[in-house]
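Please examine the sequence and the predicted model shown below. The explanation is intended to be read alongside them.

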Amino acid sequence: MTRKKILTVLRVAIALITLAAVVYAVARNWADVSVHLDQISWSTFLWSMLAAAVGTWLTMIGWKTLLRDLGSDLHLAPASGVYFVGQLGKYLPGSLWSVLVQADIASHLKVPRRRTAVTGLLALGLSLLTGLLVGLPAASFLITRDSSGFDWWLLLGIPILVVLCVPRLLNAIIDRMLRTLKREPLEHGLSAPAVLRAVATFVLVWLSFGVHTLLLARAVAGDAPHPDLTTAAMTGYALSVSLGMLTVVLPAGLGAREGLLTIILSTAMPTPAAAAVAIMSRFIVTIVDVLAALGGWLYARSHHLITERQAEQSDLTV
């Protein structure tokens, strides 16, 4: 068996074990978890959904910023049609389905597939790096179970900041990737202002989702929340989703994300309450993704950006 196959088998095994552990933990403690789910009022649910919707919208803005800098300036409506429909691909096992769908749809707007694909990969990469950066405070909760080691974890942010703030390095990575795939280079590289705008946008994305998580966490935490709850909730979502993105076998990090978020939040609240937050968060974010994709799908269909075959595939994905 080759090294690549061994790594694939290990990745699948770890992902399945994580998913099984989360399902088992939730099933075992469902009586306690369901009590905490009942503590989330409709007003909290809607405010949390609004925060998640803002984060989802900003993700598209970050993607659009990169695409514009590479030479294709789409208006908001067509950009939404391309991005949000493509995003449904993340609910399939693997990390690149969304990029492939976006490239296919954008080609109907005369955007080169190569440019859209590079933009999608860049957006995934910058989202991952900024998520790890914003989630650094949560790393201390994940490892030491408290915030005492936070200062040491900040040192890990230095290489991430170097990658984010040096467009020349990003352009070199893109050129090397295209040469490896035997594709023509892009017409021009990324500019520093565009990279900074995209990075700032993705940071705001994670902060929006942090607010989304904090609203749910405070609803189930009781009258005297733990002093670390705000930090754990505001940064825990970013870290858990970013690490979940690396488990490419699972659709949208299913199970891994919830497990990590539960572990992080359980340092500031009972584990059943933390599990309730993770479950409700997944439910809300999925609703927001589907609604955004529906709006984008309606626009794309009305402007003939999706063929009949693609439409059927989209329907099956939803």
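Residues are numbered from 1 along each chain as its sequence is written, and side-chain values use heavy atoms, with hydrogens and water left out.

The secondary structure of the protein chain consists of 15 helices and zero strands. Of the 318 residues in the protein chain, 47% are buried; buried denotes a relative accessible area under 20%, exposed one over 50%, and partly exposed the range in between, with a 1.4 Å probe and protein chains only. Among contacts between residues at least 6 apart in sequence, 73% join residues at least 24 apart, where contact means heavy atoms within 4.5 Å.

Two packed helices are described by the angle between their axes and the distance between the axes. The axes are lines fitted to C-alpha atoms, for helices over the stretch in contact, and the angles run from 0 to 180 degrees between N-to-C directions. Helix α11 (residues 192-221) packs with α12 at an angle of about 125°, and their axes are 8 Å apart. This angle makes α11 oblique to α12; angles under 35 degrees count as roughly parallel, over 145 as roughly antiparallel, 65 to 115 as roughly perpendicular, and the rest as oblique. The crossing of α11 past α12 is right-handed, a label given when the near helix is turned clockwise from the far one by less than a right angle, with anticlockwise giving left-handed. On the α11 side the contact includes Trp206, Phe209, His212 and Arg218, and among their counterparts in α12 are Leu229, Met234 and Tyr237. The residues of this contact of α11 with α12 divide into 13 nonpolar, five polar and one charged. In this classification Ala, Val, Leu, Ile, Met, Phe, Trp, Tyr, Cys and Pro are nonpolar, Asp, Glu, Lys and Arg are charged, and the others, Gly among them, are polar.

Leu207 lies in helix α11 and is partly exposed, with a relative accessible area of 35%. Its C-alpha atom is 8.1 Å from that of Ala238, a residue 31 places away in sequence. Apart from neighbours within four places in sequence, Leu207 is in contact with Val134 and Met234.

Helix α12 (residues 229-245) also packs with helix α13 (residues 256-265), here at an angle of about 150° and with the axes 8 Å apart. That makes α12 roughly antiparallel to α13. The crossing of α12 past α13 is right-handed. Residues of α12 including Ala232, Gly236 and Leu243 meet residues of α13 including Arg257, Leu260 and Ile264. The contact of α12 with α13 comprises eleven nonpolar, three polar and one charged residue.

What does the side chain of Ser48 make with the side chain of His212? The two side chains form a polar contact at 2.7 Å. Such a contact is a pair of N or O atoms within 3.5 Å; within protein, one must be able to donate a hydrogen and the other to accept it, and residues adjacent in sequence count only if both atoms are side-chain atoms. Ser48 is placed in helix α3 (residues 42-69) and counts as buried because its relative accessibility is 0%. Not counting residues up to four places away in sequence, Ser48 touches His212, Leu215, Leu216 and Ile284.

Ala79 is buried at 0% relative accessibility, and Ser80 is buried with a relative accessible area of 11%. With neighbours up to four places away set aside, Ala79 touches Met60, Trp63, Lys64 and Leu74, whereas Ser80 is in contact with Trp57, Met60, Val85 and Gly296.

Two loop residues complete the account. Gly189 lies between α10 (167-180) and α11 and is partly exposed, at 38% relative accessible area. Lys110, in the loop between α5 (97-106) and α6 (113-134), is exposed with a relative accessible area of 78%. Lys110 has a positive phi of about 65° although it is not a glycine.

Terms used: This is a predicted model: local features need pLDDT of at least 70, side-chain atom pairs count only at pLDDT 80 or more; totals for chains, interfaces and linings use all residues. Helices (H or I, at least four residues) and strands (E, at least two) are DSSP runs, numbered from the N terminus.
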